[in-house]
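Work through the exercises below with the sequence and the model open beside you, and try each task before reading its solution.

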Amino acid sequence: MELSEQELVRRQSLQTMRDMGINPYPANEYVVTGYSKDIKANFEAWEGKDVTIAGRLMSKRIMGKASFIEIQDSKGRIQCYVSRDDIQEPVEQATGNGQQATGNGQQATGNGQQATGLTVEQQMYNVVFKKLLDIGDFIGIEGHVFRTQMGEISVHAKKLTVLSKSLRPLPIVKYKDGVAYDGFNDPELRYRQRYVDLVVNEGVKDTFLKRATILRTMRQVFDEAGYTEVETPILQQIAGGATARPFITHHNTLDVDMYLRIATELYLKRLIVGGFEGVYEIGRNFRNEGMDRSHNPEFTCMELYVQYKDYNWMMSFTEQLLEKIAIAVNGTTKVKVGDNEIDFKAPYRRLPILEAIKEKTGEDLSQMSEEDIRKVAIRYGVEGTDKMGKGKLIDEIFGETCEGTFIQPTFITDYPVEMSPLTKMHRSKPGLTERFELMVNGKELANAYSELNDPIDQYNRFVEQMKLADKGDDEAMVIDHDFVRALEYGMPPTSGIGIGIDRLAILMTGQSSIQEVLLFPTMRYTE
């Protein structure tokens, strides 16, 4: 492995520390008593008090016997003042036995120069702090909180401890008038080296803290409603519950091909059959399809199923859920996404899909034959129409002409039966189903049904899906005989919904792509 000059210097510093009796990677616990954000927010309570902080060294300004450094901990950054004459104890050995790192007054520099006339503490400042500590190293500081003459809240260091030596230099982000430039901003590098991105780029960590708030709020709403969080298989012998291409793997012991799940739906509905009032799962799904700013091969989805409910109830419940999440994440129902301000305040518009197409294009598909709809699809640039049934054609026409136009939250309802094989037939509109998709900022965010619980109808729908597969539709569903058997034991009226967590995180954090809300998005492999 070829090392840069900086990396060689850091390795030399590492060895010098070890020669001095300092373990750069100590194993003993380091007890932190304060964090940067809390100290700054409650300075009056902290002023003059002793504190122990720890974090990554992000800047160092040495001015002879005194220096100012900046420490970045898990909550932010804080300045520290380090004076050679105020350091009361040397850096401890990794054993935690309190022995002085130099031990016997031997040469502290490790390069043959004598430290004559300086105390051990001063030697430690001159050598370890000034010469051996680098930007990116983890250190611990014990001291007291004060405010500098310039008015900056800081920690006056009395003791320093080396906690971890970094061997690669961090990219330096420069600022002018508060604006970052010449930084670590190449998307390819940022996504591949998220660990660096999180350290040097402000706001990145905040995005993932907000994502955690989304999940925490969602769980809280479901738990308070009395619904149960469950886990279902990721490895499945039938990839069901959605129309998508699966990843295929092989189980050696059973000698069978298996699939990474494309949805959790069919297993969750089995649990409704088993007697749960409501169940939900937040977990990874996998679809062997395209990658772009809105899609990643593995993604997080939440699916919820509640007995004795229908899709009308689910629309109202979803409005309330998203409104609560928006307030929890941002303190308001309004979120800025690019040039658009999206308001998650309930209620949302409800619009049948065929009416949406007519509204946007003037085309009335409700009375058209499959062939006439195919001609419309071709006219609007849909490709591969010869392999599509009526429902798929309508879905593609909607995608080409309508989907991107719905910026504010809008429920698109009442989909044709051909594109909704797991959905109950509409109670008053023949040929349609009780299904909705929630569109926000031009993308689908949620998909929900009044769930089909007629086992005979469900089996026939699966058969129709197999016919579509014979025509070349590689996303058509396969018959899941065990699921049909479960329905034959009886499933109560049920409503279910799936919400894409990654897309929800994009919206709630105002990001522009799915890669910005995935800690480690899928990337092409490189050594």
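This is a predicted model: local features need pLDDT of at least 70, side-chain atom pairs count only at pLDDT 80 or more; totals for chains, interfaces and linings use all residues.

Residues are numbered from 1 along each chain as its sequence is written, and side-chain values use heavy atoms, with hydrogens and water left out.

**Exercise 1.** Determine how the axes of helix 13 and helix 14 cross, and which residues meet.

Solution. Begin with the axes (lines fitted to C-alpha atoms, over the stretch in contact, with angles from 0 to 180 degrees between N-to-C directions): those of helix 13 (residues 455-470) and helix 14 (residues 481-488) come within 9 Å and cross at roughly 165 degrees. The two helices are therefore roughly antiparallel, a term for angles over 145 degrees. Next, list the contacts, meaning heavy atoms within 4.5 Å: Pro 455, Gln 458, Tyr 459 and Phe 462 of helix 13 meet His 481, Phe 483, Val 484, Leu 487 and Glu 488 of helix 14. Sorted by class, this contact has 6 nonpolar, 2 polar and 1 charged residues.

**Exercise 2.** Decide whether Thr 494 is buried or exposed, and describe its surroundings.

Solution. First locate Thr 494 in strand 20 (residues 494-500). With a relative accessible area of 1%, Thr 494 is buried, the cut-off being under 20% with a 1.4 Å probe and protein chains only. Then examine the side chain of Thr 494, which has a polar atom 2.7 Å from the backbone oxygen of Pro 492. Finally, leaving aside residues up to four places away in sequence, Thr 494 touches several residues, including Ile 272, Tyr 305 and Glu 451.

Terms used
Helices (H or I, at least four residues) and strands (E, at least two) are DSSP runs, numbered from the N terminus. Angles under 35 degrees count as roughly parallel, over 145 as roughly antiparallel, 65 to 115 as roughly perpendicular and the rest as oblique. Ala, Val, Leu, Ile, Met, Phe, Trp, Tyr, Cys and Pro count as nonpolar, Asp, Glu, Lys and Arg as charged, and the others, Gly among them, as polar. Buried means under 20% relative accessible area, exposed over 50%, partly exposed in between (1.4 Å probe, protein chains only). A polar contact is a pair of N or O atoms within 3.5 Å; within protein, one must be able to donate a hydrogen and the other to accept it, and residues adjacent in sequence count only if both atoms are side-chain atoms.
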